[in-house]
Amino acid sequence: MSRRFVVTGGAGFLGSHLCEALLGRGDEVVCVDNLSTGDPGNLAGFAGHPGFTFIEADVCQGIPVGGSVDGVAHLASPASPPAYLRLGLETLDVGSRGTAAALALAQRSGARFVLASTSEVYGDPQVSPQPESYWGNVNPIGPRSVYDESKRFAEALTAAHRRYRDVNTAIVRIFNTYGPRLGPGDGRVASNFVAQALAGEPLTVFGDGTQTRSLCFVDDTIAGLIAMLDAGDGVTGPVNIGNPNELTILELAAVVLDVTGSSSPLEHQPLPVDDPLVRRPDITLAGALLGWRPSVDLRDGLTRTVDWQRSTLARGRPDSRAVPPPA
């Protein structure tokens with residue numbers, strides 16, 4: 001039976017993939033995005049679908065969606081470091097007022113609400129792998145805090161709406177995701193490396209490159225999000241959605257160079273303030289509660305990402321939301 005979902009931030013990297021996956025299984029989707037970091041080009045493949053509606057709106061000002069709603073997926077927020085450092089106040093706004101508006105929509109509709117939180121709530125963790133029970137090590141006034149604390153407050157607001165208003169809420173903490181539609185100007189490590197390798201430019205490695213990340217292909221992340229949307233009211237989270245296969249930045253650079261066939265050198269730059277030194281999810285809960293675990297191999301995922309970037313360059317589609325890398 002078809003259901004109707006509202007996806008905030010639906011023109012973004014993750015949001016557009018979620019819209020497409022929901023439409024693909026027969027659901028109706030209302031995408032709400034103010035296009036501050038989202039890209040209309042991400043919607044091109046399904047914009048004409050009869051079950052799809054796009055509303056350009058700032059969720060901080062309310063969400064103008066009427067009619068019945070079965071689920072609300074709240075993904076609206078700048079997500080890459082260059083974007084949220086450029087839009088710091090807006091990031092805090094969408095984490096607070098935007099989350100409140102999305103929760104209000106879910107409450108009045110009797111809909112399930114899923115917050116797309118982030119592994120950044122763990123900050124620069126002193127525990128690895130990171131279980132959901134870990135409270136994190138976050139600098140609340142550092143430059144990254146506009147994103148970290150925005151998501152931490154969004155989690156608190158989500159939990160409070162369940163506790164005090166009996167809203168059917170859930171939280172997923174998404175770890176580093178990559179794949180098609182993650183533009184070359186996005187500023188995240190996988191897309192940066194691919195773009196630089198394809199252009200024959202040096203791969204920018206911050207610090208000595210021994211810091212670690214755990215990369216999850218977008219299809220796997222979306223499957224985890226949908227599993228949480230479909231889960232019963234008793235599944236509340238937070239639940240980590242990410243790939244537990246940890247690798248160093250230098251190891252990632254080597255795989256990207258191999259997949260692209262590039263001979264680009266590495267160029268080291270100073271490590272940004274409060275940049276996490278380790279990142280690896282404990283996904284025990286995701287398996288137990290959602291029956292979820294990632295399945296796409298890193299090399300396969302990077303190959304698909306490289307193919308997308310190459311085809312994008314060949315079509316000459318501009319990266320309309322390109323932003324410079326972090327200082």
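Contact here means heavy atoms within 4.5 Å.

Before the details, some housekeeping. The model is predicted, so local features need pLDDT of at least 70 and side-chain atom pairs count only at pLDDT 80 or more, while totals for chains, interfaces and linings use all residues. Residues are numbered from 1 along each chain as its sequence is written, and side-chain values use heavy atoms, with hydrogens and water left out. Helices (H or I, at least four residues) and strands (E, at least two) are DSSP runs, numbered from the N terminus.

Let me take strand β4, residues 71-74. What does β4 pair with? Strands count as paired if DSSP finds at least two bridges between them. Strand β1, residues 4-8, runs parallel to β4 and is joined to β4 by four bridges, with Val6 opposite Val72. Strand β5, residues 112-118, is also parallel to β4, again over four bridges, and there His74 stands opposite Leu115.

Both faces of β4 are covered. Gly71 and Ala73 on one side, and Val72 and His74 on the other, are all buried, buried being under 20% relative accessible area, with exposed over 50% and partly exposed in between (1.4 Å probe, protein chains only).

Gly71 itself has a relative accessible area of 0%. Leaving out residues up to four places away in sequence, Gly71 touches Arg4, Phe5, Val6, Ala111 and Arg112. The C-alpha atoms of Gly71 and Val114 are 7.8 Å apart, although 43 residues separate them along the chain.

Now Thr99, in helix α3, residues 88-109. Is Thr99 buried or exposed? Thr99 is buried, at 1% relative accessible area. Apart from neighbours within four places in sequence, Thr99 is in contact with His74, Val94, Phe113, Ala154, Leu157 and Thr158.

Last, a helix pair. Two packed helices are described by the angle between their axes and the distance between the axes. Axes are lines fitted to C-alpha atoms, for helices over the stretch in contact, and angles run from 0 to 180 degrees between N-to-C directions. Helix α1, residues 13-24, packs against helix α6, residues 218-230, at about 65°, with the axes 10 Å apart. On the α1 side, the residues are Phe13, Leu14, His17, Leu18, Ala21 and Leu22, and they meet Val218, Thr221, Ile222, Ile226 and Leu229 in α6.
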